[in-house]
Amino acid sequence: MARVYVSSVVDAPAQRVWERVRDFNGLPRWHPRIAESHIEEGEPADRVGCIRNFRLQNGDQIREQLLALSDYDLVCTYSILDSPMPLADYVATLRLTPVSDGDRCFVEWSAEFACEPEVEEDLVNGISRDVFQTGFDALKRHFGAG
């Protein structure tokens, strides 16, 4: 299994950052690579099992299913159902942890997936840079840093 892990610190309270990222259908509001998104079959965006169908800025379509969402633990886990990326069994977790020193937020985004060995390095680097770090950079800009 390939693994991706990216972490950062956002200069805002964890609860405020969670309010921004919690909405499983809200990627276009905070991630610059996402053009549009909808939850299939009109389900609530916080219902475990719901499926978001979104389009990237480059036109690619991706479908993901919400596997877990915890307002107590500030964590969201999801899987990719359909993607143009050559991978399978993709499961990712976005987790926020309060940093009491300065009322900041430690953010972690991780994923595991299966893929062919010859594409693993490109996928790991692309997901970590273009998805996870790009999302963190956007959050830092939104909350006044970076």
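A strand here is a DSSP run of E of at least two residues, and strands are numbered from the N terminus. With that in hand, take A114. A114 sits in strand 7, which covers residues 104–114. Keep in mind that we are looking at a predicted model.

How accessible is A114? Its relative accessibility is 26%, so it counts as partly exposed. The cut-offs behind that label are simple: buried is under 20%, exposed is over 50%, and partly exposed is in between. Now its contacts. Leaving aside neighbours within four places in sequence, A114 touches M1, L87, A88 and D89. A114 and R47 are 67 residues apart along the chain, and their C-alpha atoms are separated by 26 Å.

D89 came up in that contact list, and D89 deserves a stop of its own. D89 belongs to strand 6, residues 88–99. D89 is not a glycine, yet its phi is positive, near 55°. Is D89 buried or exposed? D89 is exposed, with a relative accessible area of 58%.

Compare L74. L74 is not a glycine either, and its phi is positive too, at about 55°. Where is L74 found? L74 is in the loop between strand 4 and strand 5. L74 has a relative accessible area of 6%, so it is buried.

Next, helix 1. Helix 1 runs over residues 14–21, and its buried residues are A14, V17, W18 and V21. Why do we say that they line one face of the helix? Look down the axis: the buried residues fall within an arc of 105°, so they line one face.

V17 takes us on to the core. The largest nonpolar core has 41 residues. Which of them have the most contacts inside it? They are V17, Y90, L96, F113 and F132. Helix 3, residues 117–142, gives the most to this core, with six residues.

Stay with F132 for a moment. Again we leave aside neighbours within four places in sequence. F132 is in contact with V4, V6, Y78, Y90, W109, S110, A111 and I127.

Now for the empty space. Rolling a probe the size of a water molecule over the atoms shows where such space is left.

The largest pocket has a volume of about 490 Å³. It is lined by 25 residues, and the closest to its centre are L56, I62, M85, D130 and V131. What supplies the lining? Strand 3, strand 4, strand 5 and helix 3 each supply at least two residues. Helix 3 gives the most, with six residues. By class, the pocket lining divides into 14 nonpolar, five polar and six charged residues.

How many cavities of 30 Å³ or more does a search of the whole structure find? One. The largest cavity has a volume of about 90 Å³. Its lining includes V21, R22, D23, F24 and L27, and also Y78 and W109.

Note on methods
Residues are numbered from 1 along each chain as its sequence is written. This is a predicted model: local features need pLDDT of at least 70, side-chain atom pairs count only at pLDDT 80 or more; totals for chains, interfaces and linings use all residues. Side-chain values use heavy atoms; hydrogens and water are left out. Buried means under 20% relative accessible area, exposed over 50%, partly exposed in between (1.4 Å probe, protein chains only). Helices (H or I, at least four residues) and strands (E, at least two) are DSSP runs, numbered from the N terminus. The arc is that of the directions from the helix axis to the C-beta atoms. A nonpolar core is a set of buried Ala, Val, Leu, Ile, Met, Phe, Trp, Tyr and Cys residues joined through side-chain atoms within 4.5 Å. Contact means heavy atoms within 4.5 Å. On a 1 Å grid over the protein atoms alone, a cavity is a set of points where a 1.4 Å probe fits but cannot get out, and a pocket is an open set with protein on both sides within 12 Å along at least five of seven lines; lining residues have an atom within 4 Å of a point. Grid points are joined across faces, edges and corners, and a volume is the space filled by probe spheres set on the points. Ala, Val, Leu, Ile, Met, Phe, Trp, Tyr, Cys and Pro count as nonpolar, Asp, Glu, Lys and Arg as charged, and the others, Gly among them, as polar.
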